[in-house]
Amino acid sequence: MQITQSPKVAAEYIQQGKLVLFPTETVYGIGASAFIESACLQIYKVKNRPQDNPFIIHVSSVEEIFLYAKVEEYYKDLIKALVPGPITFVLPKRETRLFSTGLPTIALRVPDHPLVLEFLALAGPVAAPSANLSGKPSITLKSDLLVEFQGKVDLFLEGNEPNIGIESTVVDLTSPEPTLLRPGKVTYSRLLKYLPNIKKNNYKKIDKPLSPGLKYRHYSPNCKVLWYEGEILQPKLSGFLGFSLKKTKLNVIVVDNLEYMRKLYSFFIECDRLNLSFAYCEKPLEDEFADVLYNRIEKAMGM
Ligand code: TXA
Ligand code: MG
């Protein structure tokens, strides 16, 4: 795998139908040109991802969102206000050449990462899921990324590491009734200010999920993820992530929920690297980010 810091070089790889790893403000992505189907299909192979789970198309501006999707007037202010940022909009598809899994809708996102915006402006739309093997935690550290994808991908566009740590908020704007499909740093309460009628999807138990990815096991390390309830049964076989020092094999201390989000996935990955049996997570603080953390941690528990 080649490593570059040049958005121009990375864009050339994309246009040649190759795969490129790149950072975003949320987590690392693995991308291909959204106009080259064979390249997009290759991502499924590398990630071992179920083929009915569609990708987010990353673009460099609001204008491109309006170009590639049909956006109702009453959604335009919301999109303009939140772009670029850690949020993905599911919209009716307008540009039929864009890669998708046969759905009439498309997920679009403009990452808040200057280097990547430069890359996307040169590369055109890039279809990219999170850069991790399917079902495993997303990756937030360059060191973990290189271990996972060495030899499997053509190029890594190196830039500032993700600083949010969990994937973007996904919101469905395909009808007049907006729905939050995946919580993220852009919280439900923040969205309510723009979309007073927004519904929360029941992200847990749905037979027919609105978002294909919701039905799969996600974010799970090999070790067992448990809530910390005041006791650690086997400290030598356990990792602990929370707000205080514990006598465990691995102890990751955070001061607030934002730092908790930033460190969650690298904690899971480190627990597996150390071959631990248990990853204890302390309950998050009760603020607007609690929802997001509960969502990701409960998924990692297999709930
Ligand atoms: O922060 C992020 O969103 C990261 C970075 C790399 O941008 N990407 C990411 O992609 O998390 P991925 O593929 O791991 O998650 C995308 C989610 C999946 O749950 C997928 O099912 C959903 O978005 N999705 C994609 N297209 C959709 C569509 N047309 N309708 C409903 N859900 C869609
Ligand atoms: Mg993912």
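How many bridges join S12 to strand S15? I looked this one up before anything else. Four bridges link S12 to S15 (residues 278–281), and the two run parallel. For my own reference, helices (H or I, at least four residues) and strands (E, at least two) are DSSP runs numbered from the N terminus, and two strands pair if DSSP finds at least two bridges between them.

**Ground rules**

I am working from a predicted model, where local features need pLDDT of at least 70 and side-chain atom pairs count only at pLDDT 80 or more, while totals for chains, interfaces and linings use all residues. Residues are numbered from 1 along each chain as its sequence is written, chains are lettered from A and ligands numbered from 1 in the order in which they are written, and side-chain values use heavy atoms, with hydrogens and water left out.

**The four-stranded sheet**

I read the strand order of this open sheet as S12-S15-S13-S14, with parallel pairing. Strand S12 (224–227) and strand S14 (250–253) are at the edges with a single partner strand each, so one side of each has no neighbour in the sheet. From one strand to the next, the twist averages 15°; angles run from 0 to 180 degrees between N-to-C directions, and axes are lines fitted to C-alpha atoms, for helices over the stretch in contact. On S15, Cys281 stands opposite Trp227.

Helix H8 (residues 257–273) lies across S12, strand S13 (238–242), S14 and S15, at about 170° to S15. Helix H9 (residues 290–300) also packs on the sheet and touches S12 and S15, its direction making about 135° with that of S12.

**The 11-stranded sheet**

This open sheet has mixed pairing, in the order S1-S8-S2-S3-S7-S4-S6-S5-S9-S10-S11. Strand S5 (residues 87–92) and strand S9 (residues 169–172) run parallel, joined by four bridges. I found Thr169 in S9 as the bridge partner of Ile87. Helix H2 (residues 37–47) lies across S3 and S7, running at about 155° to S3.

**Cores**

A nonpolar core here is a set of buried Ala, Val, Leu, Ile, Met, Phe, Trp, Tyr and Cys residues joined through side-chain atoms within 4.5 Å. Buried means under 20% relative accessible area, exposed over 50%, and partly exposed in between (1.4 Å probe, protein chains only). The largest core has 49 residues, and those with the most contacts inside it include Ile30, Phe89 and Leu173. H2 supplies the largest share of this core, five residues. I also listed what Leu173 touches, leaving out residues up to four places away in sequence: among them are Tyr75, Phe89, Pro178 and Leu195.

**Salt bridges**

I searched the whole structure and got 10 salt bridges, each a side-chain nitrogen of Lys or Arg within 4 Å of a carboxyl oxygen of Asp or Glu.

- Glu95 meets Arg97 at 3.1 Å, N to O. Glu95 counts as buried at 17% relative accessibility, and Arg97 as exposed at 55%.
- Glu158 pairs with Lys142, the closest N and O atoms being 2.5 Å apart. Glu158 is in the loop between S8 and S9 and Lys142 is in helix H6, so the pair ties together parts 16 residues apart in sequence.
- Lys263 pairs with Glu259, with the closest N and O atoms 2.7 Å apart. Both lie in helix H8, four residues apart, about one turn of the helix.
- Asp144, Glu270 and Arg273 are joined into one network by salt bridges that share partners.

Conventions:
Contact = heavy atoms within 4.5 Å.
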